[in-house]
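Please keep the structure in view while reading.

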Amino acid sequence: MQALARWIDALNEHVGVWTAYLILPMVGVTFYEVFMRYALKAPTVWAFEMTTFIYGVHFVMAFGYAHKHDGHVAIDVFEARMPPRPRAVLRVILNLTVFLPSVGLLTLWSIFYAHTSWQQGELSWTSWAPRIYPYKILMAAGFALFWLQGLAKLLQDLRTLRQ
């Protein structure tokens, strides 16, 4: 089980590091749009939507990475003062009752959402009208990585309880 947890940790670490590089094309597209709009007085129809897509992928694909590094907002007033074993018990209970079910449902519904979008060949409603199902597929992948990281944390907390 710990091998699975380590594999999930490595996967989210790898995805998180590579996802960080999405900031570069986002800055490039934003710079291009600002230049076109203000220097050449010729704004694009696609740049704003492209930056939204890139940022959305950047955001959702980093969920698992942030969870691995405890980067999400948490209220740990009580947990921080607990010894390791009771803290692990609390984390296991919350993981099983709150995190895994809620993020699991988000993952499941985002997969259905992406599948429907892909089947329909869904296009954006804007004048640029790009295909948006690839972004919805990446959204589902991001939620799946987030859920997997929760599973890895659960396995690590169970290991703490066994020791």
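Axes are lines fitted to C-alpha atoms, for helices over the stretch in contact, and angles run from 0 to 180 degrees between N-to-C directions. The model described here is predicted. With that convention, helix α1 (residues 2–20) and helix α6 (residues 133–162) pack at an angle of about 140 degrees, their axes lying 9 Å apart.

**Packing of α1 and α6**
- Because only angles over 145 degrees count as roughly antiparallel, α1 and α6 are oblique to each other, and α1 passes α6 in a left-handed crossing.
- The contact involves residues of α1 including Leu4, Ile8, Leu11 and Val15, and residues of α6 including Leu145, Leu148, Leu151 and Leu155.
- The residues of this contact of α1 with α6 divide into 10 nonpolar, 4 polar and 2 charged.

**Aromatic pairs**
- The structure holds 10 aromatic pairs, among them a tilted one formed by tryptophan 46 and tryptophan 128, with 6.4 Å centre to centre and 50 degrees between the planes.
- Tryptophan 46 lies in the loop between α2 (23–39) and α3 (47–60), and tryptophan 128, 82 residues apart from it, in the loop between α5 and α6.
- Phenylalanine 63 and phenylalanine 143 also form a tilted pair, at 5.4 Å centre to centre and 55 degrees between the planes, and both residues are buried.
- Ring pairs link Tyr55, Phe59, Phe63, Phe99, Phe143 and Phe146 into a cluster.

**Glutamate 79**
- Glutamate 79, in the loop between α4 (63–68) and α5 (84–120), is buried because its relative accessible area of 18% falls under 20%.
- Leaving aside residues up to four places away in sequence, glutamate 79 touches Arg87, Leu90 and Arg91.

How values were computed: Residues numbered from 1 in each chain as written. Predicted model: local features only at pLDDT ≥ 70, side-chain atom pairs only at ≥ 80, totals over all residues. Heavy atoms only, no water. Helix = DSSP H or I, 4+ residues; strand = E, 2+ residues; numbered from the N terminus. Buried < 20%, exposed > 50% of the residue type's maximum accessible area, 1.4 Å probe, protein only. Contact = heavy atoms within 4.5 Å. Parallel < 35°, antiparallel > 145°, perpendicular 65-115°, else oblique. Left-handed = near helix turned anticlockwise from the far one by under 90°. Nonpolar A, V, L, I, M, F, W, Y, C, P; charged D, E, K, R; others polar. Phe/Tyr/Trp six-rings, centres within 6.5 Å; stacked < 30°, edge-to-face > 60°.
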